[in-house]
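Dear colleague,

Please find below the structure that I am handing over to you. My notes on what was found in it follow directly after.

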Amino acid sequence: MLERPRVVMALKASVAAMAAWLIALRLPTATDQYAFYAPFGAIATMYPAVARSASQSVRAVVAISLGAATGLGVELLLGNGVLALGLVVGVGMLLAGLPWLGENRSYVPIVALFVVLLGQGDEVGYAGAYAGLFLLGAVVGVLVNAAVPAFPVQRADHALDRLREVVADHLADAAEQIRDGRDLDTADAHAPGGETLARATDRARRAIDDLTEAAQANPRARLRPDAAPTRRATFRALERTVLLVDDLYALADDQPWGARAGAVAPQMRGPLADALAQLGQAVLVVGPLDDKPGPRADVEAAMHALAAALEEHEQAAGPDPEGLVVATVLTTLRRTLAALTPTDRIALARDVAPGPARTEEP
């Protein structure tokens, strides 16, 4: 359970709330009745990443201060009647539109309203207690968060592994359909493995974004400086492969030259299926930072065979829609493999068995 980020954040929020409450109760008696704003501040500004907790704390305190100032100004002009209530809410909503406040914008009209309705003769004291105790709780929350900073590397790895599996399933499914001479089943394009590409990609993107954010001002991240950058690079490479799969299904849907991807000439069908299948196998094990040439060499060899089949087809039939479809897929395959290849291994293709290669855009 302690490996789950939500459980850890819940424990930290509980500790921060208790600590803020105990500290607030020991402040001068004038603020005792408002002491609950301290644990409220600790909870409201608790986020998985320490840097985000700190930034959101600042934004929240600024929003509360704006609301308090609005409430005090309107109360000074109109008292605390119904007109003051309407004006304070209207002005507070306008100020809440400031983009910098982000998700804390709702504090502006709410605090302004509270100052007018709950201050009741002690508006300044109430506003100061609200802002001050909330700030106290926020500071306690940030300190507790920083004491046990989250660094969700394992969660990012799980999301990336799942994305690899889903992408490989889709490529294997597409290869099988093309090998059998069937067109790609677009109705089932997002079903292999029981999980859609979009869902797996979004989950991985969120996990990588959370890891990148958690690395900021995080002592654990300083011990592993490459953890976040390497996983982001891996995600970008996998994202390129997702675009390849999307392009395959788009070709099946759009048929831009009137040719179906699954109904190309038989001499190109097998090499096309082999290239997709080999890429699916490579996706499971390779990344943009490793230097193992084996899986990439298999993909490259399959693409050479596909390029040779395409050249043979064009020599016999000339440029035609089927050749354009295969050339488009081949170009995307090469770009995808490049994304999965370290920059110092880009020359790998020169070390593979020779064969004609089509690299230009159709």
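Across the whole structure, which is a predicted model, a search finds 9 aromatic pairs. One of them joins Tyr34 and Tyr126: the ring centres are 5.1 Å apart and the planes stand at 80°, so this pair is edge-to-face. The angle exceeds the cut-off of 60 degrees, over which planes count as edge-to-face. Tyr34 belongs to the loop between H1 and H2, whereas Tyr126 belongs to helix H6 (residues 123–147), so the pair ties together parts that are 92 residues apart in sequence.

The axes of helix H1 (residues 5–25) and helix H2 (residues 37–44) come within 7 Å and cross at roughly 155°. H1 and H2 are therefore roughly antiparallel to each other, as angles over 145 degrees are counted in this way. The crossing of H1 and H2 is right-handed.

Which residues make the contact? From H1 come Ala16, Ala17, Ala20, Trp21 and Ala24, and from H2 come Ala38, Pro39, Ala42 and Ile43. By class, this contact of H1 with H2 comprises 9 nonpolar residues, with no polar and no charged ones. In general, residues three or four places apart in an α-helix point the same way, because the helix has 3.6 residues a turn.

Finally, helix H3 (residues 50–78) contains 29 residues. From its first C-alpha to its last, H3 reaches 42 Å, close to the 42 Å expected at 1.5 Å a residue. After H3 comes Gly79, with a positive phi near 75°.

With kind regards

Technical notes: Residues numbered from 1 in each chain as written. Predicted model: local features only at pLDDT ≥ 70, side-chain atom pairs only at ≥ 80, totals over all residues. Heavy atoms only, no water. Axes fitted to C-alpha atoms, helices over the stretch in contact; angles between N-to-C directions. Helix = DSSP H or I, 4+ residues; strand = E, 2+ residues; numbered from the N terminus. Parallel < 35°, antiparallel > 145°, perpendicular 65-115°, else oblique. Left-handed = near helix turned anticlockwise from the far one by under 90°. Contact = heavy atoms within 4.5 Å. Nonpolar A, V, L, I, M, F, W, Y, C, P; charged D, E, K, R; others polar. Expected span 1.5 Å × (residues − 1). Phe/Tyr/Trp six-rings, centres within 6.5 Å; stacked < 30°, edge-to-face > 60°.
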